[in-house]
Amino acid sequence: MNGAFALYRYPYANEYTLMKQTSGEPLTLSSCKELNGKSGFIFAPFRHTFGLPFLLLSPNIVEKHVVDELVDFDEVLFHKRDIDGERHKYEKVFSCFHDKLEIGEFSKIVLSRCSDEEAVSPLDIEKLFMRACALYPRMFIALVSMPQCGTWLMATPEILLENNKDTWHTMALAGTMPIDEYKDSDMQLAERKDAGDIHEWSTKNIREQEYVSMYIKECLYGYSSAINETGPYTARAGLVKHLRSDFYFKINVTDIGKLIEKLHPTPAVCGIPKSDAYNFICENEAYDRKYYSGFAGPLNMCEEGTHLYVTLRCMQIDKCKCRLYAGGGLLADSEVYDEWLETEAKMDTMRRCLSIKRM
């Protein structure tokens, strides 16, 4: 598919949307505040720079299609991965981040990393999108391709901001554990949600999610006095589960850009205190997140409204090569091996789409 486009499917939907811009390039913006009054598909980086702008696709083609439920998962041959080198780099940066937590400079900080995979032949990006739709019915799936940013695939569970008519919704999503297939069916999770049962979660995970929840409430009270909060509860996201709280509220539409700028990046992908954690990440994480842990989705579209998701569980695709991204929230009592395993579990969300067979 040529030109700038986005394919996306909402959680539990059986159809997806194609938005395509066939003339000119997507609009580049320098801040979230510039989103007020604009519409299209937005793709935003973690950190805005001259080379990593906010991108707004203005579609002249919008189509709905049925998801291909019969997409194949034939194995794809990939080169060996340097897992030892990746882990060594992660441990080194973990030590730098963890030192700051131990002296109390941060309450929480998010450390992320990337992992490179290379197939022996070019990848079919639309097939990867369909595989993600088949594998992850509970998540927002998007395939985004624009000249300024390249091609990205995501399967993300985290809503940054969305609306249903005049009611708006955001969430605090943090804390991570592997899924237990025997105890974490949709029905079992719904029962635990109704009972308010989060006893399976460690103190570390509960505190991590509380930090995010408190920050989001502080942001919202600057724009709305009528906020309805539910949770926390356990929510499934692919191969892992998280603690989630939801917030529903009213807001003047002219303040949406300002609220997005206040929310992004959330402590779920950054840290507490947010500004200090953000600056430390940008200076010390040892690589550039680019559009990982930014946000993406339709903005102010006539029929759909606004549905923006944090760009998690994602990878950048360039012919045969893929760069996968994942991170996790660190506290003072975090252990490096546990955190490494968490990033591996999150990256496996995209690796399953690749159907990797090693040479």
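This is a predicted model: local features need pLDDT of at least 70, side-chain atom pairs count only at pLDDT 80 or more; totals for chains, interfaces and linings use all residues.
Residues are numbered from 1 along each chain as its sequence is written, and side-chain values use heavy atoms, with hydrogens and water left out. Helices (H or I, at least four residues) and strands (E, at least two) are DSSP runs, numbered from the N terminus.

**Largest pocket**

- A pocket here is an open set of points on a 1 Å grid over the protein atoms alone, where a 1.4 Å probe fits, with protein on both sides within 12 Å along at least five of seven lines; lining residues have an atom within 4 Å of a point.
- The largest pocket has a volume of about 610 Å³, where volume is the space filled by probe spheres set on the points, and points are joined across faces, edges and corners.
- Its lining has 27 residues, and Lys89, Cys114, Ser115, Asp116 and Arg323 are the closest to the centre.
- Helix 1 (83-102), strand 8 (108-118), strand 18 (314-318) and strand 19 (321-330) are the elements that give two or more residues to this lining.
- Strand 8 gives the most, with 8 residues.
- By type, the lining residues divide into 8 nonpolar, 5 polar and 14 charged; Ala, Val, Leu, Ile, Met, Phe, Trp, Tyr, Cys and Pro count as nonpolar, Asp, Glu, Lys and Arg as charged, and the others, Gly among them, as polar.

**Second largest pocket**

- The second largest pocket holds about 430 Å³ of space.
- It is lined by 23 residues, with Tyr12, Arg138, Ala235, Arg236 and Arg244 nearest its centre.
- Strand 13 gives the most to this lining, with 5 residues.
- The lining of the second largest pocket divides into 14 nonpolar, 2 polar and 7 charged residues.

**Strands and their partners**

- Strands pair if DSSP finds at least two bridges between them.
- An open sheet of 9 strands runs in the order 6-2-1-9-10-18-19-8-15, with antiparallel pairing.
- At its edges are strand 6 (61-66) and strand 15 (271-272), each pairing on one side only.
- Strand 1 (residues 4-9) and strand 2 (residues 15-21) pair antiparallel over 5 bridges, and Leu7 stands opposite Leu18 in strand 2.
- Strand 5 (residues 54-57) is covered on both faces, with Phe54 and Leu56 buried on one side and Leu55 and Leu57 buried on the other; buried means under 20% relative accessible area (1.4 Å probe, protein chains only).
- Strand 3 (residues 27-29) runs antiparallel to strand 5 and is joined to it by 3 bridges, with Leu29 opposite Phe54.
- Strand 4 (residues 40-44) also runs antiparallel to strand 5, through 3 bridges, and Phe43 has Leu55 as its bridge partner.

**Two residues to look up**

- Thr170 lies in strand 12 and is buried, with a relative accessible area of 2%.
- The Thr170 side chain reaches the backbone oxygen of Leu160 at 2.6 Å.
- Not counting residues up to four places away in sequence, Thr170 touches several residues, including Ile216, Phe247 and Leu263; contact means heavy atoms within 4.5 Å.
- Tyr211 is found in helix 4 (residues 203-221).
- The C-alpha atoms of Tyr211 and Ser107 are separated by 8.3 Å, although the two residues are 104 residues apart along the chain.
- With residues up to four places away in sequence left out, Tyr211 touches Ser107, Lys108, Ile272 and Leu331.

Terms used
Buried means under 20% relative accessible area, exposed over 50%, partly exposed in between (1.4 Å probe, protein chains only). A polar contact is a pair of N or O atoms within 3.5 Å; within protein, one must be able to donate a hydrogen and the other to accept it, and residues adjacent in sequence count only if both atoms are side-chain atoms.
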